[in-house]
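Subject: Handing over a structure

Hello,

Here is the structure I promised to pass on. Please open it first, then read my notes below alongside it.

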Amino acid sequence: MDSMTQAALGAAIGGAVLGRRLGRKAIMLGAFVGTLPDLDVVIDYGDAVANVTQHRGFSHSLLVLAGLGTLLALLSARFAPARDIPLRHWLLFFLLILLTHPLLDALTTYGTQLFWPMTSPPIAWPIVFIIDPLYSLPLLVALVWALVDRKVVYRCGWALGLSSLYLLFAIGAKVSVEQRMAPVLAAQGLESAPRLVQPAPFTTLLWRVSVMDGDRHYESLVSLFDQTPPQLEALTRQTPLAEGFQQDARIQRLKWFTGDFLRYDSRSTNGQETLQVTDVRLGFPGFYPFTYQLATRPADDRPWQAVDVSFQVSSERGLSGDTFKRLGLRALGNPEALCATAFVEARWKLTSPGC
């Protein structure tokens, strides 16, 4: 989730746990602690693929955060001015705030490396978009209310209850969409194909379904209010373009990161043919903000030559990380937030050039 939501969640947990003893200070401290894992966004690994795949890595590890939370609790119990707060309360405060951060992130499409330093792929079971007002607003309203009337524990408890109920609704919505898609996929022999069911930006009433089947890529938008069966639109991934280059370390890293929800394109850049690889999970056809240039080759059709440093390029409609950075969305602390603006500017048009 975006950093504002993570701060609000941390503040609400902080107020619920230590609000009776620290009052509004528990909210402020909780908000600060809740944003700590996202500080890894400032790290530049010197390569675009490394930057995107290392995010939500060590700083979102349950093991690392458990250790950090324990350390902060010990220091607080020893040096905090409020000496009458037991160590177990400090532990509950820091551990709940820090551990719920990556667990909430794991409920978005981007995924989270919960078990770092293990090399298992990022865990993602997307039921909410990176920015979801219906999840965030109850937290923010309750926090403002708590700061005004000082009923910190009561207000924060209600905020956590309402936001948790919304997550339960999102789970039910996802299951409903999966059940509606099952006969459609079975009819086309795609019941065993890798698929991704995720909410559309800002809502859990509209869902996007992506299915991979070899070189084919299928897309569907499913509303909870639809009265007709979902429709699948077929696209191509153009995997033959990368034939002979699939073992490249960066492509393997992207496959590990995305579950092979990738598309390949060959484009002329400054008079030279380039291989560009796109993460099709984030964005929409024609509006994918996460495309990386990984290789070039001369005009004589020799094999692809890996670039020294990969970099992110604009999508088919000119959307890129730099575009969104100028809009200030990078400040949200998570690259997945770029997709929000992509969706706002996009029209659902699967026949776009390059799709």
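In which helix is aspartate 105 found? The answer is helix 5. Keep in mind that this is a predicted model.

Aspartate 105 has a relative accessibility of 0%. Buried means under 20%, so aspartate 105 counts as buried. Leave out residues up to four places away in sequence, and aspartate 105 touches Met1, Gln6, Asp38, Arg56, His60 and Thr112.

**The whole chain**

The chain has 355 residues, and 51% of them count as buried. It holds 10 helices and 8 strands. Take the contacts with a separation of 6 or more: 60% of them join residues 24 or more positions apart. The accessible surface is about 16,100 Å². Carbon and sulfur atoms account for 62% of that surface.

**Helix 1**

Two residues here deserve a look. Serine 3 lies in helix 1, which spans residues 3–22. Its relative accessibility is 14%, so serine 3 counts as buried. The side chain of serine 3 makes a polar contact with the side chain of aspartate 38, at 3.0 Å. Asp38 is also among the residues that aspartate 105 touches.

Threonine 5 lies in helix 1 too. Threonine 5 is buried, with a relative accessible area of 2%. Which residues is threonine 5 in contact with, leaving aside its neighbours within four places in sequence? They are Leu104, Tyr135 and Ser136. Threonine 35 is 30 residues away from threonine 5 along the chain. Their C-alpha atoms are separated by 9.1 Å.

**Helix 2 against helix 6**

Two packed helices are described by the angle between their axes and the distance between the axes. Helix 2 brings Arg24, Ile27 and Met28 to the contact. Helix 6 brings Leu143, Ala146 and Leu147. By type, the residues of this contact are 5 nonpolar, no polar and 1 charged.

**Aromatic rings**

How many aromatic pairs are there? The count comes to 7. Look at tryptophan 90 and phenylalanine 94. Their ring centres are 5.8 Å apart and their planes are at 20°. Planes under 30 degrees apart count as stacked, so this pair is stacked.

Both residues lie in helix 5 (residues 87–105). They are 4 residues apart, about one turn of the helix. An α-helix has 3.6 residues a turn, so residues three or four places apart point the same way. Trp90, Phe93 and Phe94 form one aromatic cluster.

**Helix 8**

Helix 8 runs over residues 249–258. Its buried residues are Arg250, Ile251, Leu254, Trp256, Phe257 and Thr258. What covers them? The cover includes helix 3 (48–54), strand 5 (262–269), strand 6 (272–279), strand 7 (291–297) and strand 8 (305–313).

At the start, a side-chain oxygen of aspartate 248 reaches to within 3.0 Å of the backbone nitrogen of arginine 250. Just after the helix, glycine 259 takes a positive phi of about 75°.

Now step on to aspartate 260. Aspartate 260 has a positive phi of about 70°, although it is not a glycine. The residue is found in the loop between helix 8 and strand 5. Aspartate 260 is partly exposed, with a relative accessible area of 26%.

Where does phenylalanine 202 lie? Look in the loop between strand 1 (195–199) and strand 2 (206–213). Phenylalanine 202 has a positive phi near 70°, and it is a residue other than glycine. It is partly exposed, with a relative accessible area of 31%.

The peptide bond from tryptophan 116 to proline 117 is cis, with omega near 15°.

Best wishes

Conventions: Residues numbered from 1 in each chain as written. Predicted model: local features only at pLDDT ≥ 70, side-chain atom pairs only at ≥ 80, totals over all residues. Heavy atoms only, no water. Helix = DSSP H or I, 4+ residues; strand = E, 2+ residues; numbered from the N terminus. Buried < 20%, exposed > 50% of the residue type's maximum accessible area, 1.4 Å probe, protein only. Contact = heavy atoms within 4.5 Å. Areas by Shrake-Rupley, 256 points an atom, 1.4 Å probe, with all protein chains shown as cover. Polar contact = N/O pair within 3.5 Å; in protein donor to acceptor, adjacent residues only side chain to side chain. Nonpolar A, V, L, I, M, F, W, Y, C, P; charged D, E, K, R; others polar. Phe/Tyr/Trp six-rings, centres within 6.5 Å; stacked < 30°, edge-to-face > 60°.
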